[in-house]
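Student: Hi! Could you walk me through this structure while I have it open?
Tutor: Happy to, here it comes.

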Amino acid sequence: MKNIFLASMALIFFAFVSACSPEDEINPNDKNAVVVEFENIVGGQRLALNTVTYTNPAGEPFTITRLNYFVSNVKLTKSDGQVVSFPDRYFLIRQADANSLKITLPDVPAGDYIKLDYLIGVDSLRSVADISQRKGVLDPASYGDDNMYWSWNSGYIFFKMEGTSPRATTPAQNFQFHIGGFGGYSARTAVNSRTISLPMAQSAQVRKNVSPTIHVLADVQKVFSAGHTINARSMVHSPAVAAPVADGVKNMFAVDHVHNDKMP
């Protein structure tokens, strides 16, 4: 009996040591990348451009031909409350470009992260900065056919969704939601950027040998969740009338799952 007891204690001790192996310890000097992967959906369906007809909560059928949005000012919050910020990184998510759907946050300190925050839009300081400080996706000349900058309004289009619908009030039965407005040079100008704050049920565990991927679902059905309908306003270009759509955009996002796979 004594031998059985000793053997049992040995197994428990071994299990404890294994659970607390050096691989699982957090070394504050270790860093690794965190990947945020966006998957655009419509309700429970994956978004497909041009080919699939969806129905919004008001019963309006619609097809999406373009979906783009800016992600910036990303923050990761650790389980102990510490925040790691990425204030000078701007990303343009484009449904038409699969490579743009994953963004990489480099050199993230090791730790367990339980919350993801970011801005949908471009902050006012960067929006009014000299053009020499707006490179990459912020260069207005870099968009080509996407045209994510209003020359007439001197500002970025934070969120762009275009498509067709028989309920659209335009002759061509198309709709365009171009959402912008950073406050401008007047306090009276609309601010239609939105801060997204997403808790994670499963922590993103950054380690020397673990580079986690946070999988975010973006449900464009929520664009209509603030009561906006295609029939009511098919063309939304002015920041002054864009708040209902911007509020719907704020509700689009949720963390679906996290991958904490160890690197080979």
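Student: How many bridges join strand β3 to β4, and in what sense do they run?
Tutor: In this predicted model, 2 bridges join β3 (residues 54-55) to β4, and the two strands run antiparallel. Strands here are DSSP runs of E with at least two residues, helices are runs of H or I with at least four, and both are numbered from the N terminus. Two strands pair if DSSP finds at least two bridges between them.

Student: Which residue stands opposite T55?
Tutor: That is P61 in β4. The hairpin of β3 and β4 has 5 residues between the strands, and G59 takes a positive phi near 85° there.

Student: Before we go on, what are the ground rules for the numbers?
Tutor: Residues are numbered from 1 along each chain as its sequence is written, and side-chain values use heavy atoms, with hydrogens and water left out. Because the model is predicted, local features need pLDDT of at least 70 and side-chain atom pairs count only at pLDDT 80 or more, while totals for chains, interfaces and linings use all residues.

Student: And what is the mean pLDDT of the chain?
Tutor: The mean is 88, and 87% of the residues reach 70 or more; pLDDT is the predictor's confidence in each residue, from 0 to 100. Over residues 5-23 the pLDDT is below 50, and that stretch has 4 contacts in the model beyond near neighbours in sequence. A contact means heavy atoms within 4.5 Å. Where pLDDT is low, the predicted coordinates should not be read in detail.

Student: Back to β4. Is that strand largely enclosed or exposed, and why?
Tutor: It is largely enclosed by the rest of the structure, because 14 of the 18 residues of β4 (residues 61-78) are buried. Buried means under 20% relative accessible area, exposed means over 50%, and partly exposed lies in between, with a 1.4 Å probe and protein chains only.

Student: Which strand pairs with β4 over 9 bridges?
Tutor: That is β5 (residues 83-94), in the antiparallel sense. L76 has V84 in β5 as its bridge partner. The hairpin of β4 and β5 has 4 residues between the strands, and G81 has a positive phi near 95°.

Student: What about β9 and β7?
Tutor: β9 (residues 155-164) pairs with β4 in the antiparallel sense over 6 bridges, with Y69 opposite F159. β7 (residues 111-120) also pairs with β4 antiparallel, over 6 bridges, and there T77 stands opposite K115.

Student: Which residues touch the most other members of the largest nonpolar core?
Tutor: Y118 and F253 do, in a core of 52 residues. The largest share of this core, 7 residues, comes from β4. A nonpolar core is a set of buried Ala, Val, Leu, Ile, Met, Phe, Trp, Tyr and Cys residues joined through side-chain atoms within 4.5 Å. A second, separate core has 12 residues, including V122 and M148.

Student: What does Y118 contact?
Tutor: Leaving aside neighbours within four places in sequence, the contacts of Y118 include F38, V71, I196 and F253. Y118 also belongs to one aromatic cluster with F38, Y69, F159 and F253.

Student: How many aromatic pairs are there?
Tutor: The count comes to 13. Rings of Phe, Tyr and Trp (its six-membered ring) pair if their centres lie within 6.5 Å; planes under 30 degrees apart count as stacked, over 60 as edge-to-face and the rest as tilted. F175 and F177 form a tilted pair, 5.2 Å centre to centre with 45° between the planes.

Student: Are those two buried or exposed?
Tutor: F175 is buried, at 0% relative accessible area, and F177 is buried at 0% too. F177 also pairs with F224: the centres are 6.2 Å apart and the planes at 70°, so this pair is edge-to-face. The pair links distant parts of the chain, 47 residues apart, with F177 in β10 (residues 174-180) and F224 in the loop between β12 and β13.

Student: Last one: where is G44, and is it buried or exposed?
Tutor: G44 is in the loop between β1 (31-42) and β2 (45-46), and it counts as exposed because its relative accessibility is 83%. G44 and Q221 are 177 residues apart in sequence and 9.6 Å apart in space, C-alpha to C-alpha.
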